[in-house]
Amino acid sequence: MVLACQNVSKSFGTEEILKQVSFHIEDREKAAIVGINGAGKSTLLKIIMGEMSADDGQVTFAKNRTVGYLSQQPERSSKNTIFDEMLEVKKDIIETDKKIRQLEQDMKHTSSEEELNAMLETYTRLTHEFEQANGYAYKSEITGVLKGLGFSEDDFFKPIESLSGGQKTRVALGRLLLSKPDIILLDEPTNHLDMDSIAWLETFLMNYPGAVLIVSHDRYFLDKVVTKVIELYGGRSQMYLGNYSKFAKKRTAIRESQLKHYLNQQKEIKHQEEVIAKLRSFNREKSIKRAESREKLLNKMEVLERPEEINADMRIQLEPSVISGNDVLTVTGLAKSFGDHNLFSDLNFSVFRGEKVALLGNNGTGKTTILKILNKLVRQDAGKIVLGAKVQIGYYDQEHQVLNTSKTIFDEISDTYPNLTQTRIRNVLAAFLFTGDDVFKRIGDLSGGERGRVSLAKLMLSSANFLILDEPTNHLDINSKEILESALNDYTGTVLYVSHDRYFVNKTATRVIELENKEIINYAGNYDYYLNERAKRMARLTTLSEENNQDASSSSNSSSKQDWKKNKEEQAKARKQANALKKCEENIHITEERIQELEEEMAKPEVATDIEKLLELNKEKETLDGKLEALYEEWETLAETIL
């Protein structure tokens, strides 16, 4: 064990943030701390690092273990260049190297055999230490880390003080990784990294010989790196083994089970109380004794507490008011430049009804510009954009330019949708966590996350059948992201979006189009499929001639409809299986309810004494028990295929 937290508690005023939080981290273990915004994740890291004191409990590190910590806003100002800053981490190695070089010079000039032997002994020891510390490759190691974190060689000699906040954070992360502590604590390490850098960091941390504890909203990153998840929920902690996806399934199953047990017990308590009241109403000695006996058993029952629920849940329901035509969007010959900088030219792609299309590409390739062109916020230089029959667009802008910053939240909604009643507007805003006087806050005074929720509320009310979304998960916590994912997956319209959230793309996309080298490449699947097919494509391109490369790129641009047909067939098959699963679940529910009705009927005193009626009910129950068993088997078979 390298780190243990035991019963750590922390309050701010009357608000108890952490309540007896306990967990441990083993050597080489990779773990995550997750929870909604305000759950106390960063507070816990600060307590572990001694930057903040706990009200109660203790934090214990194993003896002689080194610790490294990256906060969300590391404070470091230096006149060093980026490369010199990294060299500071390796100063012990550099000093050892200097001693070795000096010994080599001294040994050439010594005349004493005894002195030479002593020098040789020191030289052997220092050389061994230098080799063990990877001294011969420390400059290559620095270069590898800096390039991995997105710095070019031209950046290496920029002074730290001239860098942006995000760049300084990446420098701080590089220093930390190069220092190789026994345990690394990282608070939102992917915030200022592009996708390539995040992928590099994933590989680095997976292979890191020490322990790692991460706070992050990047679920795809957590899926790749961690093997344990510590959830902060209602101030308390719960440990789960596995990556984020396994944790999410286990957490859902556990909470559903807890709620089911609680509701079943409440139902049983109510049933027993009704039976007791009925028995007492008979006012006979035997019935009263029966009632008293049941009452004693009821009093001995250990009553379960209602499972604590997260109250900060958005409620999003997206549904188009009109069904569009099959061809939703067709873009041909699209071009855009800003001054001498050409973003793209001759782009061609299509979007079809029911698709959830993710537009990916490196920063600066023009993804957001494409969305703005589609929404007529920016004019294209060339090209044609054709919307299909009955297409109604709903637009979510990451910069929230579609919001009027001088208006209140209430006025923003009521002015956009004048036919809505005050009650309807307040109910919608409450679904997005704006209650009471919150609805009269000025848009300009809201945080990024609050503006995002207002934009989502407007999107829900639009009843559009074609949603165009620019970074819709920005500023959302994990719980809110999952709610949005669920809403989009249930949405029967069409979606085109830009997102850096790989987990979100993986959960929602039915097709990925990548803007690469000013061209559109199609991938008929989610993010995992895109990664796999992209790797295959890149491998093929390395073995082809330049002419074949151009042919491959051209053919990929013209394959959109084929990809769509293939994808629609796969979607149709998936929908058929999902419908079968849903029907099976409904039959299970109906059968279980009937069995419960029969059991309650058989428990009635007047039925218990009617042998003929009892046998009749029991026979029906046995038939239904057999049917239920068959339904369970059918459900398991379908679930194996779908879930």
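Helix 6 (residues 165–179) lies across strand 5 and strand 6, and its direction runs at about 170° to that of strand 5. The structure described here is a predicted model.

The two strands under helix 6 belong to an open sheet of six strands with mixed pairing, in the order 5-6-7-3-8-9. Its edges are formed by strand 5 (67–70) and strand 9 (236–241), each of which pairs on one side only. On average, neighbouring strands of this sheet are turned by 15° against each other, direction ignored. Strand 5 and strand 6 (residues 183–187) run parallel and are joined by four bridges, with Val67 standing opposite Ile183 in strand 6. Helix 1 (residues 41–48) also packs on the sheet, where it touches strand 3 (30–34), strand 5, strand 6, strand 7 (211–215) and strand 8 (228–233). The direction of helix 1 makes about 145° with that of strand 6.

An open sheet of three strands has antiparallel pairing and the order 11-10-13. Strand 11 (341–352) and strand 13 (382–387) each have a single partner strand, so one side of each is left without a neighbour in the sheet. From one strand to the next, the twist averages 10°. Five bridges join strand 10 (residues 327–338) to strand 13 in the antiparallel sense; Leu329 has Leu387 of strand 13 as its bridge partner. Helix 11 (residues 367–374) packs on this sheet and touches strand 10, strand 11 and strand 13, its direction making about 120° with that of strand 10.

Strand 16 (residues 494–498) pairs in the parallel sense with strand 12 (residues 356–360) over four bridges, and Val357 stands opposite Leu496. Strand 15 (residues 466–470) also runs parallel to strand 16, joined by five bridges; here Phe466 has Thr494 as its bridge partner. Together with helix 15 (residues 478–490), strand 15 and strand 16 make a right-handed β-α-β unit.

How many of the five residues of strand 16 are buried? Five of the five are, so the strand is largely enclosed by the rest of the structure. In a regular strand the side chains alternate between the two faces of the sheet. Both faces of strand 16 are covered: Thr494, Leu496 and Val498 are buried on one side, as are Val495 and Tyr497 on the other.

The pairings for which bridge partners are named above are collected here.

| Strands | Sense | Bridges | Partner residues |
|---|---|---|---|
| strand 10, strand 13 | antiparallel | five | Leu329, Leu387 |
| strand 15, strand 16 | parallel | five | Phe466, Thr494 |

Two individual residues complete the description. Lys458 lies in helix 14 (residues 448–462). Its relative accessible area is 14%, and because buried means under 20%, Lys458 counts as buried. The side chains of Lys458 and Glu412 are joined by a polar contact of 2.7 Å. Leaving aside residues up to four places away in sequence, Lys458 touches Val402, Leu403, Glu412, Ile413, Thr416 and Tyr417.

Phe432 is placed in the loop between helix 13 (422–431) and helix 14, and is buried at 0% relative accessibility. Beyond residues up to four places away in sequence, Phe432 touches Met314, Arg315, Ile316, Arg453, Leu456, Ala457 and Met460. The C-alpha atoms of Phe432 and Ser53 are separated by 34 Å, the two residues being 379 residues apart along the chain.

Definitions and conventions: Residues are numbered from 1 along each chain as its sequence is written. This is a predicted model: local features need pLDDT of at least 70, side-chain atom pairs count only at pLDDT 80 or more; totals for chains, interfaces and linings use all residues. Side-chain values use heavy atoms; hydrogens and water are left out. Buried means under 20% relative accessible area, exposed over 50%, partly exposed in between (1.4 Å probe, protein chains only). Two strands pair if DSSP finds at least two bridges between them. A crossover is right-handed if, with the strands pointing away from the viewer, the path from the first strand over the helix to the second runs clockwise. A polar contact is a pair of N or O atoms within 3.5 Å; within protein, one must be able to donate a hydrogen and the other to accept it, and residues adjacent in sequence count only if both atoms are side-chain atoms. Contact means heavy atoms within 4.5 Å. Axes are lines fitted to C-alpha atoms, for helices over the stretch in contact, and angles run from 0 to 180 degrees between N-to-C directions.
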